[in-house]
Amino acid sequence: MEENKHVTIYDIAERLNLATSTISRALKDHHTISDKTIKKVKKTAEEMGFVPNTLAAGLRGNKTKTIGVLIPTVTQPFLSSLISGIEIAAQKSDYTVIIMQSHDSYEEEVNMAKSLYSNRVSGVICSLAMETRDTAHFHQFSNNNIPLVFVDRVPKDYNTFRVVIDNYTAGYKATKHLIEQGCIRIAHITAGSELGNLYNERKRGYIEALKDHNVDIDEKLIINLNSVTYEDGVKASNALFDLDPIPDGLFAPGDILAVSAVQTAKKRGIKVPEEFKVIGFNNDPISQIIDPNLSTITHPAEKMGKAAAEIIIKNLKSSKNDDAKEITFLNTEVLARESTQK
């Protein structure tokens, strides 16, 4: 059996007895080629199964029409929705998307950034790894006019585009909700470095809500994690339940942490919400599956993904460089469910 091979413009040129330059121009509807020849070339190309090598063409022009997405993981529902938004916007403008995971490792993030740069992506969208303290590995994009957008987990001081929510206000709303439900000993789990200030802002909202409502701030009720996993949440929850007295409320900055707290409480015979109320963050699908249903904060992940991709595409189409700016989504809200009921 003859081995399959990719059909090239050389094969079409040989079939039609035309120059390869003519074939190339005809496929691009070039004005120097007659309509009759264009139709003949395109018909033959279709019959032969020709597929344009957009990557090779992009590399020649140093434009691949590819957006690189560098995120901690694809398994988190929030990040999956973010990717969905990116791809929806990218496809509308005929861009493809390359997705790479840092697994919350600084070293992997550095390597993935190098890989995206070597693949000559047109633009980059990134949510920082938990371990990241230094952003020098992103200079290769900024210094070469490759649009760079940070989303959700963003560095404090980097002059580029950002798409975020108002994490401070969201944290304040979550904590205020617990106070309104009668909680007076409210715990909080936080995470990450000072660089990616997402969790710091949610913690700041938590503290300000306690102050504004004259609720005591107890440092023993604040637990800092290096990563945000179910197992980390179980350890943090057990540490809180070992206290005497235990907290009567918890604001967890991610639904996976809130779910781990609910299930750990159950195992230890602590009733949710009668003895311990919990609110999470993101409105992940699991928040509606767990019993009791989890109160949470909404997070417009798909809209954020679309906005990030649209910034890249607009920047690539524009001849002038827009000043870097931040897009902040304010429409986060409390979804009150069973886990915080009085």
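Because the model is predicted, local features need pLDDT of at least 70 and side-chain atom pairs count only at pLDDT 80 or more, while totals for chains, interfaces and linings use all residues. Residues are numbered from 1 along each chain as its sequence is written, and side-chain values use heavy atoms, with hydrogens and water left out.

Helices (DSSP runs of H or I, at least four residues) and strands (runs of E, at least two) are numbered from the N terminus. Strand S1 (residues 66-71) pairs with strand S2 (residues 96-101) in the parallel sense over 6 bridges, where pairing requires that DSSP finds at least two bridges between two strands. Within this pair, Ile71 stands opposite Gln101 in S2. From S1 the chain passes through helix H5 (residues 77-92) to reach S2, in a β-α-β crossover that is right-handed; that is, with the strands pointing away from the viewer, the path from the first strand over the helix to the second runs clockwise.

An open sheet is formed by 4 strands in the order S7-S6-S8-S9, with parallel pairing. Its edge strands, each pairing on one side only, are strand S7 (222-225) and strand S9 (277-279). Strand S6 (residues 186-191) is joined to S7 by 4 bridges, and Ala191 stands opposite Leu225 in S7. Helix H11 lies across S6, S7, S8 and S9 and runs at about 165° to S9, where angles run from 0 to 180 degrees between N-to-C directions and axes are lines fitted to C-alpha atoms, for helices over the stretch in contact.

Two helix pairs were also examined. The axes of helix H10 (residues 230-241) and helix H11 (residues 255-267) come within 8 Å and cross at roughly 50°, and the two helices are therefore oblique to each other. Angles under 35 degrees count as roughly parallel, over 145 as roughly antiparallel, 65 to 115 as roughly perpendicular and the rest as oblique. Residues of H10 in contact with H11 include Tyr230, Val234 and Phe241, contact meaning heavy atoms within 4.5 Å. The residues of this contact comprise 8 nonpolar, 6 polar and no charged, with Ala, Val, Leu, Ile, Met, Phe, Trp, Tyr, Cys and Pro counted as nonpolar, Asp, Glu, Lys and Arg as charged, and the others, Gly among them, as polar. The axes of H5 and helix H13 (residues 301-317) come within 7 Å and cross at roughly 40°, so that H5 and H13 are likewise oblique to each other.
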